[in-house]
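Student: I have a structure to read and some questions about it. Can we go through them one by one?

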Amino acid sequence: MNIKSVKLSVVKMPLKHAFTTHLGSVTEREAIIVEAEDQNGILGLGEGVAFSSPWYTEETVRTSWHVLKDFLVPLLKEKGISHPDEAFGLFRSVRRNHMAKAAIETALWDLQAKQEGIPLAKLIGGTMDSIPSGIVVGNPDLAEAIKQIEGYLDRGYKRVKVKISPENDIQYIGEIRRRFPNLALMADANSAYSLEDADRLKALDEYGLLMIEQPLEYDDIVDHAKLQSQIATPICLDESIVTFDDARKAVELGSCKVINIKIGRVGGIGEAKRIHDFCASQRIPVWAGGMIEFGVSRAHNIALASMPGFTIPGDISGSDRYWEEDIIQPEIKVLNGSIKVPDRPGIGFELNRKRLSEVTIFEEIIHF
Ligand code: OSB
Ligand code: MG
């Protein structure tokens, strides 16, 4: 791919409003921006989506930085690849660390698409011109959550997800459902329950949720299969699906009826595509998850979500959902509840250099 250099930048920005789950609140976001430049000066962009602390997965911004700088970028420099499809295999000697792998792998996909002069969505087999946009409300206060939902519905968002836990579920969901009888509504538990809560989760069946996301342990697929046999609401797995084989086994066991695909969680676009293709062959609908990310990762998600198996609106909101000003231009806009898939080469967005430099706290260039 003729790579000349890889630049890594750590950025840090406050969120407009705190985002809260039963595991804690996110008020500020750090991430790693990757710029892979080729000999002709073409720039591929990636984003490392690990959080500052290991609450969602075991990776953090610092572990990603270490793995990128000391292992992944050196492997790329020493061995080289001719197509981003080879990156996940190249990184095989590094166990897991999927968000670090995806950070550089997604930059290589953007670079490849730009070298070919085609949109990333086209390069990976995307077929949609625009994608429906869903929103996540991370606010346990019922009155505030309802106000937020009203605002988002006014702006056209097509699906709403709320966070639940045993401390805040039946009454919370019940009230939201009473207030919005026809809303495409779903709930994400981020592993707040155990199998002993099956009756509690069964009680949610009457609210017509599109699905319940990751009710049980973050690494479980066995108990989820038991739970799915006891409740009518479809289970969607997020945290538990970290590899292609996780997806295969979960579908085989009946642990879920839907899968949320996050590029970072599964180690890149190549693995995300494989999981998409498998799920399509098994008639398991998929949707694109979100990571409270900046515009680079959002842009990769848009390309991914343009593939035909993404039949449910994902957690892909506009740049203004979390940021006063994003690090890309143009910003990502939601119009009538949809985001246009760019027809420009690569991810179709450029870095907003002024904004990026304002929020960069550390950077390093590795020359090839
Ligand atoms: O579980 O899907 C999740 C955010 C951070 C980590 C995990 C999750 C989420 C979200 C928000 O639900 C998605 C978004 O708006 O980016
Ligand atoms: Mg989730």
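Tutor: Start with a term: donors are N, O and S atoms within 2.8 Å of the metal. Water is not among the atoms, so a site may look incomplete. Keep in mind that this is a predicted model.

Student: Which residues coordinate the magnesium ion (ligand 2)?

Tutor: Look for donors at 2.1 to 2.3 Å. Their spacing along the chain is D-x24-E-x24-D. The residues are Asp188, Glu213 and Asp238.

Student: How many residues apart in sequence are the parts that Asp188 and Asp238 tie together?

Tutor: Asp188 lies in strand 7 (residues 185–188). Asp238 is in the loop between strand 9 (235–237) and helix 9 (244–253). The pair therefore ties together parts whose separation in sequence is 50 residues.

Student: Are the rings of Phe51 and Trp55 stacked, edge-to-face or tilted?

Tutor: The model has 9 aromatic pairs. In this one, the ring centres are 5.0 Å apart and the planes meet at 40°. Planes under 30 degrees apart count as stacked and over 60 as edge-to-face, so the rest are tilted. This pair is therefore tilted.

Student: Is Phe51 buried or exposed?

Tutor: Buried means under 20% relative accessible area. Trp55, at 25%, is partly exposed. Phe51 has 6% relative accessibility, so Phe51 counts as buried.

Student: Which ring does the charged end of Arg179 sit over?

Tutor: A charge over a ring must be within 6 Å of the ring centre. Arg274 lies over the face of Phe244, at 4.2 Å. For Arg179 the distance is 4.8 Å, and the ring is that of Phe180.

Notes: Residues numbered from 1 in each chain as written. Chains lettered and ligands numbered in written order. Predicted model: local features only at pLDDT ≥ 70, side-chain atom pairs only at ≥ 80, totals over all residues. Heavy atoms only, no water. Donors = N, O, S within 2.8 Å, 3.2 Å for Na, K, Ca; no water. Helix = DSSP H or I, 4+ residues; strand = E, 2+ residues; numbered from the N terminus. Phe/Tyr/Trp six-rings, centres within 6.5 Å; stacked < 30°, edge-to-face > 60°. Buried < 20%, exposed > 50% of the residue type's maximum accessible area, 1.4 Å probe, protein only. Lys NZ or Arg CZ within 6 Å of the ring centre and 35° of its normal.
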